[in-house]
Amino acid sequence: MLPAYRTPAFAGSNPAQPSRTAGTADEAEADASGNTAQGFARGLALARAFAAEHGHLCIPYRHEKDGFQLGLWLSNQRATGPQLPPERSRALSDLDPWWNPPWSTLWQRIYLRARRLPGAGTVTPEQGFPGTSENLGTWLYQQCQNYDSLHPQQQKLLTQIGITAETARRARPRRRNIAEARDQALGHARSYWKQHGHLCASAADTHDGFPIGQWLANLRVRARRGKLDPAVARRLDAMDPWWAPPWSSDWQRTCYTVRDLIGSGHILAPENAFTAFADELGQWLYTQCVAYPDLAVQQRQQLATIGLTEQAAAAARPNPATESPSLETGLYFARSYAALHGDLNTSPTDRHEDFPIGTWLSRQRRQANLHNSKFTSPYPADPLLTAIDPWWNPPWNADWQINHRAARKLVEDGLDLLPTQGFPGTPDWTGQWLFTQCVDHPHLHPGQQHKLTQLGITAADARTARPRRVTQQASFDTGLDHARSYAARHGHLAVPRSESHNGYQLGTWLTDKRKRATDGRLPRNRADALNTIDPWWNPPWGLPWQTAYHTVKAENRGRTLNTAAGFPGLPSDATRWLLTQCINYDDLHPGQQQLLTHLGITSKDAHAARPQQETRRRPRAGASRPRPTTVSSSIDGGLPYARSYAHTHDGLGTAHYDTEHNGFPLGWWLYEQRKRANAHVRRTGQPWPHEHALAALDPWWNPPWRISWQHTYTGLRSTLTEDQRPSASQRRWLTNQHTNWHTLHPDQRTLLTAISLNPHERAPSSDPFKVSSNQKT
């Protein structure tokens, strides 16, 4: 018998404490009592209906009936193995003796197909299985070849359709009627051509169950090798002269698609970026315009028939709003950007003529670097982009590129850099960076020197450059002005480090001032100036909380918050954050509580906060049941509820997946914590950082066995503690534990011993269960 528990993830754990192992997704909600019996009864009823209709229970895995996943249910019954209760196994065997064969159910399904053949039981292996389909005949021949290695019961089943040991030895492979198969395939080809107007089917296409796409692909290969039957070629050419073009069949198929769309009223309009067509087709059309001179004469003739002439192709423009830009589209906007700025030094967020040129170039750089790390050949797009900017993918770091963009922007705005005068008029950081480049000019990469020359800084200018001189007070005043401007617009100074304001690195400046203030190195008058703008510019609780607070404040827009109803009307992220703050209100800093008061959340409101009422059911495979969206699954979001529940119920063992406590989905929250704890152990081999917080409430909150076992055990322990008689399902469960005692985890045995289940005594029977004094402790 298989063990009923999982091996601990790391050895040496204390047996008195639960070991942590990787769990499975279905361990959170299994129920050993009523729900399982009800589910089996429903599955059995649907299985009975299926067997009555089809005569067997070899149901495909994904088969559904009335919203019930019958195939998955049967698979689960088979996977249970010897642990499936005998009465359930008998009920299924009554419907189909081979519902759980010792061989694969796929074998059984194909066998049943053979049973349904006309005249089943009289197949003639020695004649090559005439009357069977090609696939079925091939399968039957394989069974004959492997007859001696089959299971005895498989051999017995094959005997029922006429395959004995003697006939298996005389079996011949199934023979195809080539002429009949060819005429049948050509018939499908003609039917496909009449329906679609061409024969450029993709390899995956089928027509009335026939793999027309793969059949045509095979014929194209034979045609290119000069091995195709001329008669077949003539019949296909009569339907579609371009069924096997010298160019890609994908090209031909797309051309036919465009032809049909234009015939149905679509307007080509190449000068308007082909906006009448779907994104992918529009990209394809623009690519043909770019490659027009290099296309074959017959391709240009076909494009001309749909209105895409050489003159129209020359006037074509790509669509900047495309979601998947082709290489030709990206190159068009890259050339336009370089013509305006002189190079391709873009930031990831840059847009040019509404095209995300920064994102596109960043993707090209990543792909080029990945390609160069694996192959010796150049990246395919590299020569094309190098022709636009030789340093489009530079070997120096991104910080240099960022500072170069800032300097280039100043030059584009009309500022002369004037190295000999200390770069007057430049921002502090940019001026200092430019002087550093002048000092290091002889050691820079030739590409960097070239880019500085474009800014007007030659080698001679670099030798005579003077440093940028800015007093500390002037630098602080500049940053303060930007801080005032930012606060006037946003209402706060919770600025992330990476954020800029009007080209000024305000986030970096504020980060430096916060560090100085924390270290006691920021002068009092400067700290006061920042406090005047935002009293919480340097909060003692950290910037992430402050940023989240202002995000929620902006989303709320001054509306009254209904804490008791779970903050309806707000986005789910804001709802989760607010609920977490209310749960932990008493642990917040007084300043945080004061800020929450500005949102309308007082101490009374916080203690009255409840999650929104939602349908909370764990989604099974293929189901569409939602999980909670307005409740945070963070440790802080549910730990107070877990403490309250554990205090009331003497632990967390009775908290099933659907359990709610004071409106909070505690069962779902515990399920999420178990997933994280198990994933952490799997990844690091170390205990989860929050393990002690939950183990203090219940040492078996995440046991190394199925959580359903723990639910049942805890419920039984509570029943015995309250001096009540165990239910029938609980008595059956006790009997099962007694029978399988040797397969249990040592800690499971310890827990069962605590309720006086002794493996050396007779197993509990259906007689009334007597409660001893030890069972009440």
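Biologist: How are helix 25 and helix 26 oriented to each other?

Modeller: This is a predicted model, where local features need pLDDT of at least 70, side-chain atom pairs count only at pLDDT 80 or more, and totals for chains, interfaces and linings use all residues. Residues are numbered from 1 along each chain as its sequence is written, and side-chain values use heavy atoms, without hydrogens and water. The axes of helix 25 (543–556) and helix 26 (572–583) cross at roughly 120°. Angles under 35 degrees count as roughly parallel, over 145 as roughly antiparallel, 65 to 115 as roughly perpendicular and the rest as oblique, so helix 25 and helix 26 are oblique.

Biologist: Which residues of helix 26 meet helix 25?

Modeller: Contact means heavy atoms within 4.5 Å. Helix 25 brings W545, A548, Y549, V552 and E555. Their partners in helix 26 are A574, W577, L578 and Q581.

Biologist: Why do the buried residues of helix 34 line one face?

Modeller: Buried means under 20% relative accessible area (1.4 Å probe, protein chains only). In helix 34 (746–754) the buried residues are D747, Q748, L751 and L752. They line one face because, seen down the helix axis, they fall within an arc of 140°.

Biologist: Which helices do the buried residues of helix 34 pack against?

Modeller: Just after helix 34, S756 takes a positive phi of about 65°. The buried residues of helix 34 pack against helix 32 (707–721) and helix 33 (728–739).

Biologist: How many helices are in the protein chain?

Modeller: Helices are DSSP runs (H or I, at least four residues), as are strands (E, at least two), numbered from the N terminus. The chain has zero strands. The count of helices is 34.

Definitions and conventions. Buried < 20%, exposed > 50% of the residue type's maximum accessible area, 1.4 Å probe, protein only. Arc of directions from axis to C-beta. Axes fitted to C-alpha atoms, helices over the stretch in contact; angles between N-to-C directions.
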